[in-house]
Amino acid sequence: MSEKLVCVTGGSGYIASWLVKLLLQRGYTVRASVRDPSDPNKTEHLRALDGASERLHLYKANLLEEGSFDAAIAGCVGVFHTASPCLLNVNETNFQAELIDPAVKGTLNVLRSCVKASSVKRVVMTSSMASINYNERAQSPDVVVDETWFSDPDFCVRSKLWYQLSKILAEEAACKFSKQTGVELVTINPGLVIGPLLQPTLNLSPSFIYNLINGSKTFPNLCLPWIHVKDVAMAHILAYEIHSAHGRYCLVDRVAHFSEVVQIIRKLYPSIPVPEKCADDKPFETVYQVSKEKARSLGLNFTPLEQSVKETIESLKEKFFIIF
């Protein structure tokens, strides 16, 4: 059994594509699960990666189909579970089918395949800051959020935060399953992920930057925790490779209000028109801090927000999402 044989679920996704790229660079043999291996939009960018022709194998799998991950995971030593729907505009009538079921049942399906495989030594799961800081606790510039914080499902239901709820419930289900079965689990909890795209389609998180430079008249009154996609992918790998890695890892370079991000873009690209005003007249949402201590114990260095924004815009330009 090769120590270098690993599986990445949802392999065509934004974070997963970077994860596959960096794993191949480090000499791993990667099995990547995708819903439709015959769809070039989902697979061409993966097949083009260095080392892919020798060490990348694509498997068809569906989150809601029990046993569909068995073949991809059998014989693997490590599993990176990134597959989960990333949707914000879901309403009350279909959030269960569109978000909760794929996130929770999908996670359990993947973990059951890991138990069947018996070769798997560690599972690294992509969770989110969404499962950490959505609760009634006050946030202010002197508040430091860390891995001991947990989002409150009831708060998310009241606030109709269905994506956040899906991440909370999936992480809870995974932790419970891990305790019951002994499957070793580490979770990675990134903030809003930006940076260059490997896939040909525009996914949700870089679209926040895209919207700011594509004619939007206003910016949201939101503070978000920002992180570079390559840092997130590397965190997954280090959490797998470093024996002492355990529990959850917050991944945030900086919490910034959208007004700050607009200023960064204006400074980097004076010729790009960006929104001048906020979407509402309320006081700006308050920034807070997120601890980097545990993430740094993996040896991670964070890409500064300014560089992440620049690389996102350059990637959008390179892929012709924007022209300037």
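This is a predicted model: local features need pLDDT of at least 70, side-chain atom pairs count only at pLDDT 80 or more; totals for chains, interfaces and linings use all residues.
Residues are numbered from 1 along each chain as its sequence is written, and side-chain values use heavy atoms, with hydrogens and water left out. Strands here are DSSP runs of E with at least two residues, helices are runs of H or I with at least four, and both are numbered from the N terminus. Two strands count as paired if DSSP finds at least two bridges between them. On the β12 side (residues 254-257), β10 runs antiparallel and the count is four bridges, with W226 partnered by R254.

How many residues of β10 are buried? Six of the six, spanning residues 223-228, so the strand is largely enclosed by the rest of the structure. Buried is taken as under 20% relative accessible area, exposed as over 50%, and partly exposed as anything in between (1.4 Å probe, protein chains only). C223, P225 and I227 point one way from β10, L224, W226 and H228 point the other way, and both sets are buried.

Then there is the open sheet, built from seven strands in the order β3-β2-β1-β4-β5-β7-β11 with parallel pairing. The edges belong to β3 (56-60) and β11 (247-251); each has a single partner strand, so one side of each is left without a neighbour in the sheet. Neighbouring strands of this sheet are turned against each other by 20° on average, direction ignored. For angles in general, axes are lines fitted to C-alpha atoms (for helices, over the stretch in contact), and values run from 0 to 180 degrees between N-to-C directions. Inside the sheet, β4 (residues 78-81) and β5 (residues 122-126) pair in the parallel sense over four bridges, and H81 finds its bridge partner in M125 of β5. Helix α5 (residues 95-117) packs on the sheet, touching β1 (5-9), β4 and β5, and its direction makes about 175° with that of β4. Contact here means heavy atoms within 4.5 Å. Helix α7 (residues 162-181) also packs on the sheet, where it touches β5, β7 (185-190) and β11 and makes about 165° with the direction of β7.

A search of the whole structure finds one cavity of 30 Å³ or more, and the largest cavity has a volume of about 50 Å³. On a 1 Å grid over the protein atoms alone, a cavity is a set of points where a 1.4 Å probe fits but cannot get out; a pocket is an open set with protein on both sides within 12 Å along at least five of seven lines, and lining residues have an atom within 4 Å of a point. Grid points are joined across faces, edges and corners, and a volume is the space filled by probe spheres set on the points. The cavity lining includes H81, T107, M125, K167 and E171. Elements giving it two or more residues are β5 and α7, with the largest share, four residues, coming from α7. By type, the lining divides into three nonpolar, seven polar and two charged residues. In this scheme Ala, Val, Leu, Ile, Met, Phe, Trp, Tyr, Cys and Pro count as nonpolar, Asp, Glu, Lys and Arg as charged, and the others, Gly among them, as polar.

The second largest pocket holds about 260 Å³ of space. Its lining has 14 residues, of which E171, C175, L185, T187 and R248 lie nearest the centre. α7, β7 and β11 each give two or more residues to this lining, and α7 gives the most, with six.

A couple of loop residues stand out on backbone angles. Most residues other than glycine have a negative phi. S118, in the loop between α5 and β5, has a positive phi of about 60° and is exposed, at 65% relative accessible area. K160, in the loop between α6 (153-158) and α7, has a positive phi near 55° and counts as partly exposed at 46%.
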